[in-house]
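This briefing sets out selected features of one protein structure for computational work. Please view the sequence and the model together with the notes that follow.

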Amino acid sequence: MDIDQLIDDAIGREGGYVNHPADRGGATRWGITEAVARAHGFRGEMRSFPRADAVAIYTTVYWLRPGFAEVAECAPLVAAELFDTGINMGPAAAVAFLQRALNALNRGASDYADIVAGPRVDGATLVALRAFLKQRAPGGERVLMKALEALQGERYLDLAERRPANEAFLYGWLANRIG
């Protein structure tokens, strides 16, 4: 799993400076919101937010801190999906999707124990993930990906239904983030 490539791909999808009036996140550059940039010490105009700072934030906040690097060791496709979901919805949402899917796929806790949900991929989540992949080889990772994308797609629909201004983004979210 090449995190540098994942970051380059994310920056390519997210683009440069954007400040869409319907986006509650406000001004972004390289996919990093102004609030996140400020939380990491950037004080300038978002139009000039350095790409190197975005790369550092992606690496720390969206890859290492939530535990996606550990997921990549046994399920690289899942890790890449979690990274992308984390960028768009927050890492805690991506972790919650993984934990929820693993709990639902464990056949009543007969394959492995249920996981207590938390904001990071912890040891119990990794044990469950490895057990799932072993139990469901060779297609387990692909099925888990489908579950993650289904949860993400449902969340996008919910966001658009609860806030009509988000309908401006729904097509792009589904086109670029699902499948």
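Is Gln99 buried or exposed? Gln99 is buried, with a relative accessible area of 2%; buried means under 20% relative accessible area, exposed over 50% and partly exposed in between, with a 1.4 Å probe and protein chains only. The model is predicted, so local features need pLDDT of at least 70 and side-chain atom pairs count only at pLDDT 80 or more, while totals for chains, interfaces and linings use all residues. Residues are numbered from 1 along each chain as its sequence is written, and side-chain values use heavy atoms, with hydrogens and water left out.

- Gln99 is found in helix α6; helices (H or I, at least four residues) and strands (E, at least two) are DSSP runs numbered from the N terminus.
- Gln99 touches Ile115, Val116, Ala117, Gly118, Arg120, Asp122 and Thr125, residues up to four places away in sequence not being counted; contact means heavy atoms within 4.5 Å.
- The C-alpha atoms of Gln99 and Ala117 are separated by 6.2 Å, although these residues are 18 residues apart along the chain.
- Thr125 is found in helix α7, residues 123–135, and counts as buried because its relative accessibility is 0%.
- Apart from residues up to four places away in sequence, Thr125 is in contact with Leu98, Gln99, Leu102 and Ile115.
- Gln152 has its place in helix α8, residues 140–162, and counts as buried because its relative accessibility is 0%.
- The side chains of Gln152 and Tyr156 are joined by a polar contact of 2.8 Å. A polar contact is a pair of N or O atoms within 3.5 Å; within protein, one must be able to donate a hydrogen and the other to accept it, and residues adjacent in sequence count only if both atoms are side-chain atoms.
- Gln152 also touches Glu81, Thr85, Met89, Phe97, Arg177 and Ile178, again not counting residues up to four places away in sequence.

**Nonpolar core**

- In soluble globular proteins, nonpolar side chains tend to be buried together.
- The largest nonpolar core has 55 residues, of which Val71 and Phe83 touch the most other members. Such a core is a set of buried Ala, Val, Leu, Ile, Met, Phe, Trp, Tyr and Cys residues joined through side-chain atoms within 4.5 Å.
- Helix α6, residues 91–104, gives the most to this core, with seven residues.
- Val71 touches Pro76, Val78, Ala79, Leu82, Leu98, Val121, Leu126 and Leu129, not counting residues up to four places away in sequence.

**Pockets**

- The largest pocket holds about 970 Å³ of space. On a 1 Å grid over the protein atoms alone, a pocket is an open set of points where a 1.4 Å probe fits, with protein on both sides within 12 Å along at least five of seven lines, and lining residues have an atom within 4 Å of a point. Grid points are joined across faces, edges and corners, and a volume is the space filled by probe spheres set on the points.
- Of the 32 residues lining the largest pocket, Glu14, Asp23, Ile87, Asn88 and Trp173 are the closest to its centre.
- At least two lining residues of the largest pocket come from each of α1 (3–14), β3 (32–33), α5 (76–89), α8 and α9 (167–177), and α9 has the largest share, six residues.
- The lining of the largest pocket comprises 11 nonpolar, 13 polar and eight charged residues. Ala, Val, Leu, Ile, Met, Phe, Trp, Tyr, Cys and Pro count as nonpolar, Asp, Glu, Lys and Arg as charged, and the others, Gly among them, as polar.
- The second largest pocket has a volume of about 180 Å³, and its lining includes Glu81, Phe83, Arg177 and Ile178.
- The largest share of the lining of the second largest pocket, four residues, comes from α5.
- By class, four nonpolar, two polar and six charged residues line the second largest pocket.

**Backbone geometry**

- Most residues other than glycine have a negative phi, and most peptide bonds are trans.
- A cis peptide bond, with omega of about 5 degrees, joins Ala137 and Pro138; Pro138 lies in the loop between α7 and α8.
- Trp30, not a glycine, has a positive phi of about 60 degrees and is placed in the loop between β2 (28–29) and β3. Trp30 counts as buried at 16% relative accessibility.
- Ala109 has a positive phi near 65 degrees and lies in the loop between α6 and α7. Ala109 counts as partly exposed at 37% relative accessibility.
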